[in-house]
Amino acid sequence: MLKLGFLGFVVSFLVPIVVGFVLGDYLDNYFWFLIAFLAVIVSVMWLCGICGSLLHYMLPRKRASEGEVVQEDGENSSVNKSESTSALKKIRIVEAADSTVTYNSDVVCGENNCNSGNNHSSGSLVKEEEEEEEASIMALGNANPTDIDEDLHSRQLAVYGRETMRRLFASNILVSGMQGLGAEIAKNLILAGVKSVTLHDEGTVELWDLSSNFIFSESDVGKNRALASIQKLQDLNNAVAVRASTTTLAKEQLSDFQAVVFSDISLEKAVEFNDYCHNHQPPIAFIKTEVRGLFGSLFCDFGPEFTVVDVDGEEPHTGIIASISNDNPALVSCVDDERLEFQDGDLVVFSEVHGMTELNDGKPRKIKNARAYSFTLEEDTTNYGTYAKGGIVTQVKQPKVLNFKPLREALNEPGDFLLSDFSKFDRPPLLHLAFQALDKFVSELGRFPVAGLEEDAQKFISIATNMNESLGDGRLEDINPNLLRHFAFGAKAVLNPMAAMFGGIVGQEVVKACSGKFHPLFQFFYFDSVESLPTEPLDSNDLRPLNCRYDAQISVFGSKLQKKLEDAKVFIVGSGALGCEFLKNVALMGVSCGNQGKLTITDDDVIEKSNLSRQFLFRDWNIGQAKSTVAASAAASINPRLNIEALQNRVGPETENVFDDTFWENLSVVINALDNVNARLYVDQRCLYFQKPLLESGTLGAKCNTQMVIPHLTENYGASRDPPEKQAPMCTVHSFPHNIDHCLTWARSEFEGLLEKTPAEVNAYLSSPSEYGTSMMNAGDAQARDNLERVLECLDKERCETLQDCITWARLKFEDYFANRVKQLIYTFPEDAATSTGAPFWSAPKRFPRPLEFSSADPSLLHFVMAASILRAETFGIPIPEWAKNPKKMAEAVDKVMVPDFQPKKDAKIVTDEKATSMSTSSIDDSAVIAELITKLEQCCKNLPPGFRMKPIQFEKDDDTNFHMDLIAGLANMRARNYSIPEVDKLKAKFIAGRIIPAIATSTAMATGLVCLELYKVLDGGHKLEDYRNTFANLALPLFSMAEPVPPKVIKHGSMSWTVWDRWIMKGNPTLRELLQWLKEKGLNAYSISCGSCLLYNSLFPRHRDRMDKKLVDLAREVAKVDLPPYRRHLDVVVACEDDEDNDIDIPQISIYFA
């Protein structure tokens, strides 16, 4: 760069001078002056260019992005810059495509003074795009070709797919109203990766806003809300252009967007804007949403004819055909490998059908009478060919067209409301009326009702009553004045949990509008959580503002509950996606922000790039740092009063010295933010033991669920579990796969065996040959034999010393996996083979395989060898030259490999038993073979270099440069090709083999909002079972199902009763005799007492009577060898009892306190 710059300087400086010499005789002295002047100017320009270029390379770079926020000093301002470093900033977006173009409404903000860079109220809010990009995404035909960062968006891609993501990348969104709800919506959309988000708000930040908006701090009070939001929201995703608008919107400006969201707008203005959007060509998706205290509303209008491309986001269901009848209608039966998920009226297509080939024409056919393993085809197959074998039936997903009404019509004819809680079946019509009454109240009085002011509440109820009476036959019989009173008192407040919940729902609706993915909400949704209010009646004085950041929340719940929130001792387990949202919520709510409060968060994980698309407290510069530490720091920046301690410990039996009895006993509540069942079960048992409330939640793509575990009121988390996932039989995975999941399971297993387990076994042997050999001899089974065979093979016949050795190994592995093994299989079981019962061996679901023939001209085969050889070299510590990644040179190296001919074995044993748990077959001479293998290994080791060790490779799915997924995808796809199974790309392979859990920010936000609404109840205390709610939601449908938690099972004995929550406590360091007598007094005869897995007492053993006068704690130490650490003050024993009639009685666990 410098050389080119210097050359340019020399040329540009000398040319004018040379021209002057040549033409000097014809020009006067004035021209010489002009030449010199031009030379100086050119030199200065060159110097500036070089410095600018150097500056460009010296400045820190953010991650690759489509647009980023740039702040410059304002040009015309009377504000003294020394007053504030942020005074008079001009915010604009510089896009990579054209860094010289800025959008038309640059926002200039001085202290207490914000205006638009251009004062045209109807001007464009976004930069004009190229002509081909101007077509609205509402037409669903114009996706942005921008590359998708699969490392960043892998979990989101698993939910949406590439096409939906591309449509999002091309979508411009307006979010108007930047209070708590608007901030949540904008956050979710920016994390999702839309093209641009324009933030609009004409108001200024108030202290009141800090109850619900995670962006604002006290230093932002008085600033324009949109301007105060822009930088922090931009930091969430630099690939999204974030803009601000602070002036009054004109409806014509809405044409710049694919979707517009209004969270703070009058009904009159909403109707005007909606009419424009509804009638625009193409239509603009319009969403109006509000959160008022514990009440929320949502209205969607995506135009007169909106096409839903995929109504539920689920993969098309499939079935493997077993038979098809020649009837009218025809009966289709499928194998009982898996239940069919078809429904009556579904359209399906057939493929690979032998015999009745007429069905293979690709024509969608309607079905009826769908059953678990059969259905009826609405078609006459009488004259078709007779079904012979094979066949796959696949569901055809049909697009759906929705006809939305504009808001003007829908207000009077709302249609069916989307219900969330069936115990409130009559609530949506009342809330439909209440929100309209509130709009009228505000338009008449110019303000919201004042919390606790009875006069305002009665005024609001009067307006609602009059509006209801005017409805004539459509009026409501009961308008529930008490509910309307609560509505009025909280109308001004935006609560964080409500904003988080609705922010998730609305964010998902915007994604639907921009992509056609998932079924939109049609059209009204109302929600309330009045059960979250304190059980004690609220005094109006308790609702008065205290001039603090929690005033909005106090206006709904009162200052007494606020004090309880601040003094709570909370334990959040996990700081991933759920944990980040929970931290943000509790910080805004003021939980653990008082002198007595404390929040403990723990997570043993570190931040990865894939976390950034939904774990919004993290930034790219945090990658590699501890999640809990970074999240805690970010939460403290949201609310500096938060008393938080971050730990990096896994919660489990091994850390009970950290999370000891005192820790658990002092907690107010536990919030799980975990991603695995085993950890959830452990925390559940701890909460059960110490009788602490546990707030549980989880997400899976667009689905989420919440479960409240409340001591003595509800069942615990572990009381009911999902059935375990069905595992494919081992023989199916290894020899008879019939879907891509089987192929990928096999590929992952082979990867770990070749590159991790075998090298680790080699190192284990080399570290201690004699001990390793002894352990194998002692085992003396088929598994030990297989281990030794692999170690010997790796160090002898397949040992690699050069990269060419690795290439040879990879090429021969291909031949073994995809040619020789298949040849052996079809030699042992020919295509016409039969079972012992005479049935065809190769009948559904088995698929007859074909061997592959290698060709270096096939890029997929060559890439497999490349990935395998590079990883093999890595395990042997062989340097990898650059040419190894060059397909042409790799092909030349592969073609040099000599591949021996294969001869199938007549006595080969291939496991076909579906119940088999191992592919290793035992033999009577395993011990002799093991001894021989050990002897061979000892000889082989003499040829190894001193200190030789292999380098095992652990599978890492999220690094696209390490060739791990390349090898697994190659293994799976070659195997799929053997069995004529459709292949998948590397991304889909990553989802399945990497066991990636689909995740998006919207469902996470909704789940945590719902949990925090329950947190109010838990920390207030005194709520009944019917006040709590468990939730299952699917934002794709959308479906919201809320219900009371299930109570715990009650066990009764005599006058006593207990549940799983009860734990009997016996203090005073009792003896065995004293415990037996204590139980006898309860009418219980103990016949067995155990501690852990050891028996302390059994009435059938006479010698156990000698233990009667020993302390139980001493028995536990002597007999059960229990190690009681200093922090442990009690011992738990399990006692088996019966009553006087010899009936077994299940009693609670008993804790023996000895200190």
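Trainee: Where is histidine 200 found?
Mentor: In this predicted model, histidine 200 lies in strand E6, which covers residues 196-200.

Trainee: Is histidine 200 buried or exposed?
Mentor: Histidine 200 has a relative accessible area of 6%. That value is under 20%, so histidine 200 counts as buried.

Trainee: And which residues is histidine 200 in contact with, leaving aside neighbours within four places in sequence?
Mentor: Histidine 200 is in contact with Leu174, Val175, Ser176, Gly177 and Met178, and also with Ala226, Ser245, Thr247, Thr248 and Leu249.

Trainee: Changing topic to the barrel: in what order do the strands run?
Mentor: The order is E12-E13-E16-E15-E14-E17, a closed barrel of six strands with antiparallel pairing. From one strand to the next, the twist averages 50°.

Trainee: What holds paired strands of a sheet to each other, in general?
Mentor: Strands of a sheet pair through backbone hydrogen bonds, in either a parallel or an antiparallel sense.

Trainee: How many bridges join E12 to E17?
Mentor: Three bridges join strand E12, residues 318-324, to strand E17, residues 392-396, and the two run antiparallel. Among the residues involved, threonine 318 has threonine 394 in E17 as its bridge partner.

Trainee: What about E12 and E13, how do they pair?
Mentor: E12 and E13 also pair in the antiparallel sense, over three bridges. A hairpin of five residues joins E12 to E13, and serine 323 stands opposite serine 333 in E13.

Trainee: Which side chains of E13 point to which face?
Mentor: The side chains alternate along strand E13, residues 330-334.

Trainee: On to the helices: at what angle do H12 and H15 pack?
Mentor: Helix H12, residues 496-515, and helix H15, residues 577-589, pack at an angle of about 150°, with their axes 9 Å apart. That angle is why H12 is described as roughly antiparallel to H15, the cut-off being over 145 degrees.

Trainee: Which residues meet there?
Mentor: Asn496, Pro497 and Ala500 in H12 meet Lys584, Asn585, Leu588 and Met589 in H15. By class, the contact of H12 with H15 has four nonpolar, two polar and one charged residues.

Methods
Residues are numbered from 1 along each chain as its sequence is written. This is a predicted model: local features need pLDDT of at least 70, side-chain atom pairs count only at pLDDT 80 or more; totals for chains, interfaces and linings use all residues. Side-chain values use heavy atoms; hydrogens and water are left out. Two strands pair if DSSP finds at least two bridges between them. Helices (H or I, at least four residues) and strands (E, at least two) are DSSP runs, numbered from the N terminus. Axes are lines fitted to C-alpha atoms, for helices over the stretch in contact, and angles run from 0 to 180 degrees between N-to-C directions. Angles under 35 degrees count as roughly parallel, over 145 as roughly antiparallel, 65 to 115 as roughly perpendicular and the rest as oblique. Contact means heavy atoms within 4.5 Å. Ala, Val, Leu, Ile, Met, Phe, Trp, Tyr, Cys and Pro count as nonpolar, Asp, Glu, Lys and Arg as charged, and the others, Gly among them, as polar. Buried means under 20% relative accessible area, exposed over 50%, partly exposed in between (1.4 Å probe, protein chains only).
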